[in-house]
Amino acid sequence: MDATTTRGRLDPISRAVIQHRLSAIVEEMGEAMLRTAFSQILNASRDFSMGIVDRDCRLVAQADHIPVHVGALPFAVKALEARFGDDVDPGDVFILNDPYAGGSHLPDVTIFAPVFAEGERRLWAVARAHMGEIGGATHGGYNPGAREIWQEGLRIPPMKLAEKGKLRADVFEMLLMNVRLPREVRGDIDAMIGAAHLGERSLNALYGEFGRTTVDAAVDEILDGAETRARAIVAEWPDGTYEGTAYLDDDGRERTDLAIRAKVTVKGSDLTVDLTGTDDQTDSFVNSAFANTQAAVAMALAYLIDADIPKNDGVFRLLDVKLRHGSLVHPTDDAPVTLSTSHPSNEVVEAIVRALQHACPERCTGGWSRRFRMSITGENPRNGRKFIWHLFHARPGGGASPKGDGWPGAGEWHSVGGIKFGSIEVSEARFPLVFERHEFRPGSGGDGEYRGGVGCELDLRVEVPGYAHTAGEGVRHGSAGIAGGRDGAPHDYRLVTGEREESLRTKQFGVEIAPGSLVRVRSAGGGGWGDPEKRTDAARTRDAREGFTEA
């Protein structure tokens with residue numbers, strides 16, 4: 001049966017079916033990834049994302065994974081198309097991680113599988129996942145001492161990893177030779193390839209069922225429909241230019257309070273986001289490459305529109321982003337950028353929301369918390385192998401909204417709950433760690449008519465000698481209060497060794513951990529929303545009863 005009407009458009013039922021099928025495909029890809037990945041950072045913390053991008057580099061569908069990953073995928077496909085053109089065959093698999101070719105940062109590896117319909121390439125099934133190890137000068141992919149990108153890890157341009165269904169073993173061996181944990185990295189890349197092929201097969205089935213003409217028409221209409229709905233929302237905001245600034249604590253060296261400045265112009269249903277006033281780039285890893293910055297701006301818009309609008313290319317047509325080359329958010333292509341998916345991505349979103357709280361406060365949330373990463377490495381006595389453990393527990397609090405309090409322990413703005421902490425019991429079974437305490441941190445959420453989500457308190461005993469790197473933000477600046485709300489409490493991380501206790505800095509290299517030492521984490525709370533004087537007595541009583549405020 002022909003799914004088009006006499007006017008050449010799809011009937012709404014067929015369009016809806018195809019739209020939901022596309023969404024289901026990326027969700028299924030994610031579930032496959034979760035169940036087959038080797039490393040803790042993926043199979044427990046879910047630091048991966050799936051997407052479908054067409055040959056015109058339009059984001060067609062994404063799953064509810066990590067927003068900062070997905071927003072950069074069209075730029076990765078653009079780099080792939082520019083490099084290979086028509087030199088693409090069924091069964092090919094491609095790989096990249098270069099932040100200056102559409103990657104996010106070096107630990108985020110991207111796998112692409114082409115999808116053909118009636119002999120013509122139409123789509124890409126894409127998987128992006130954070131590798132727990134990517135080589136370079138330090139374990140775990142975060143090097144606070146890096147002054148250039150080559151000190152951060154293995155840099156992979158767009159490459160073929162498989163040709164017509166046959167894996168290029170020489171390329172794969174080269175990749176694995178340059179990482180410290182080749183078994184885990186191989187398992188994770190294999191899982192990504194499997195997820196991408198699953199997406200490819202499911203999309204082939206969709207084309208087989210509906211035909212290329214119908215599916216392609218549905219994609220166009222899905223994107224156009226998302227654009228129409230998003231424009232209707234923005235058109236309600238008063239025209240004008242609004243300004244907001246967010247600050248990074250420091251670059252880990254001599255510079256402090258690095259400013260991300262957003263000038264947002266609303267004109268009808270168009271948004272211009274001008275970040276050219278942002279501070280100059282630094283020689284530290286807090287820079288953000290072009291694609292990652294574009295993803296951060298797209299995130300901010302996605303958080304301001306209705307949740308049920310598909311976050312695809314149609315929505316992002318509203319945006320005109322202006323950047324200055326040589327700034328923190330558009331550095332030269334030799335600059336280190338590993339922290340960028342967290343920071344300054346969070347601060348780009350925060351600066352935009354700070355600006356637009358004056359245009360649409362009812363759509364803005366309090367600031368979600370900043371990310372304070374830590375990776376610990378040592379030898380695991382249970383198997384005699386080296387381990388790298390990434391701290392994803394003790395998640396900080398989410399921001400409050402005009403409709404309610406923020407989620408406790410929800411995480412940061414760049415992932416809005418998409419990154420999880422895994423089972424404590426499984427972590428203790430897999431690694432020489434003991435979780436002595438893991439609970440909410442009273443009083444950490446920013447006050448307001450609606451309170452920011454509280455952070456967490458973690459006491460983590462490390463049983464073996466090792467060392468750690470930190471990579472993060474949020475000790476000087478708490479999560480932003482919005483529309484009169486108060487900022488959340490900042491992070492407080494400490495290392496306790498015997499009677500000695502020291503504060504951990506957010507960008508620290510090679511912190512020695514003696515066996516039996518305690519890592520004491522007090523994570524940040526989310527920003528509040530609205531005037532604290534308007535918070536009801538009943539809400540404050542509930543805060544005290546549930547332990548969200550200090551006694």
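This is a friendly dialogue on reading a few features of a predicted model.

Biologist: Let's begin with helices. How are two packed helices described?

Modeller: Two numbers do it: the angle between the axes and the distance between them. In this predicted model, take helix α1 (residues 12-36) and helix α7 (residues 212-234): their axes are 9 Å apart and meet at an angle of about 85 degrees. Angles of 65 to 115 degrees count as roughly perpendicular, and α1 and α7 are therefore roughly perpendicular to each other.

Biologist: Which residues of α1 and α7 make the contact?

Modeller: From α1 come Arg15, Ile18, Gln19 and Leu22. On the α7 side, the contact is made by Thr214, Val215, Ala218, Val219, Glu221 and Ile222. Sorted by class, this contact of α1 with α7 has 6 nonpolar, 2 polar and 2 charged residues.

Biologist: Now a single helix. Why do residues three or four places apart point the same way in an α-helix?

Modeller: Because an α-helix has 3.6 residues a turn. Have a look at helix α5 (residues 169-177), where the buried residues are Val171, Phe172, Leu175 and Leu176. Viewed down the axis of α5, these buried residues fall within an arc of 130 degrees, so they line one face of the helix.

Biologist: Which exposed residues sit on the face of α5 turned away from its buried side?

Modeller: That face carries Glu173 and Met177.

Biologist: On to aromatic rings. How is a pair of them described?

Modeller: By the distance of the centres and the angle of the planes. Rings pair if their centres lie within 6.5 Å, and by this rule the count comes to 10 aromatic pairs. One of them joins Phe94 and Trp124, with ring centres 5.5 Å apart and planes at 80 degrees, so this pair is edge-to-face. Phe94 belongs to strand β3 and Trp124 to strand β5 (residues 120-130); the pair links distant parts of the chain, 30 residues apart.

Biologist: Are Phe94 and Trp124 buried or exposed?

Modeller: Both Phe94 and Trp124 are buried. Phe94 and Trp124 also belong to one aromatic cluster with Phe84 and Phe112.

Biologist: What kind of aromatic pair do Phe372 and Tyr493 form?

Modeller: A stacked one, with 3.6 Å from centre to centre and 10 degrees between the planes. Phe372 lies in strand β12 (residues 372-380) and Tyr493 in strand β17 (residues 492-497), so the pair ties together parts that are 121 residues apart in sequence. Phe372 is buried at a relative accessible area of 1%, and Tyr493 is buried at 3%.

Biologist: Let me finish with two aspartates. Where is Asp98 found?

Modeller: Asp98 is in the loop between β3 and β4 (108-117). Buried means under 20% relative accessible area, so Asp98, at 10%, counts as buried. Setting aside neighbours within four places in sequence, Asp98 is in contact with Gly103, Arg155 and Ile156.

Biologist: And where does Asp405 lie?

Modeller: Asp405 lies in the loop between β13 (385-390) and α11 (424-430). With a relative accessible area of 24%, Asp405 is partly exposed. Again leaving aside neighbours within four places in sequence, the contacts of Asp405 are Ala400, Tyr450, Arg451, Arg535, Arg542 and Asp543.

Terms used. Residues numbered from 1 in each chain as written. Predicted model: local features only at pLDDT ≥ 70, side-chain atom pairs only at ≥ 80, totals over all residues. Heavy atoms only, no water. Axes fitted to C-alpha atoms, helices over the stretch in contact; angles between N-to-C directions. Helix = DSSP H or I, 4+ residues; strand = E, 2+ residues; numbered from the N terminus. Parallel < 35°, antiparallel > 145°, perpendicular 65-115°, else oblique. Contact = heavy atoms within 4.5 Å. Nonpolar A, V, L, I, M, F, W, Y, C, P; charged D, E, K, R; others polar. Buried < 20%, exposed > 50% of the residue type's maximum accessible area, 1.4 Å probe, protein only. Arc of directions from axis to C-beta. Phe/Tyr/Trp six-rings, centres within 6.5 Å; stacked < 30°, edge-to-face > 60°.
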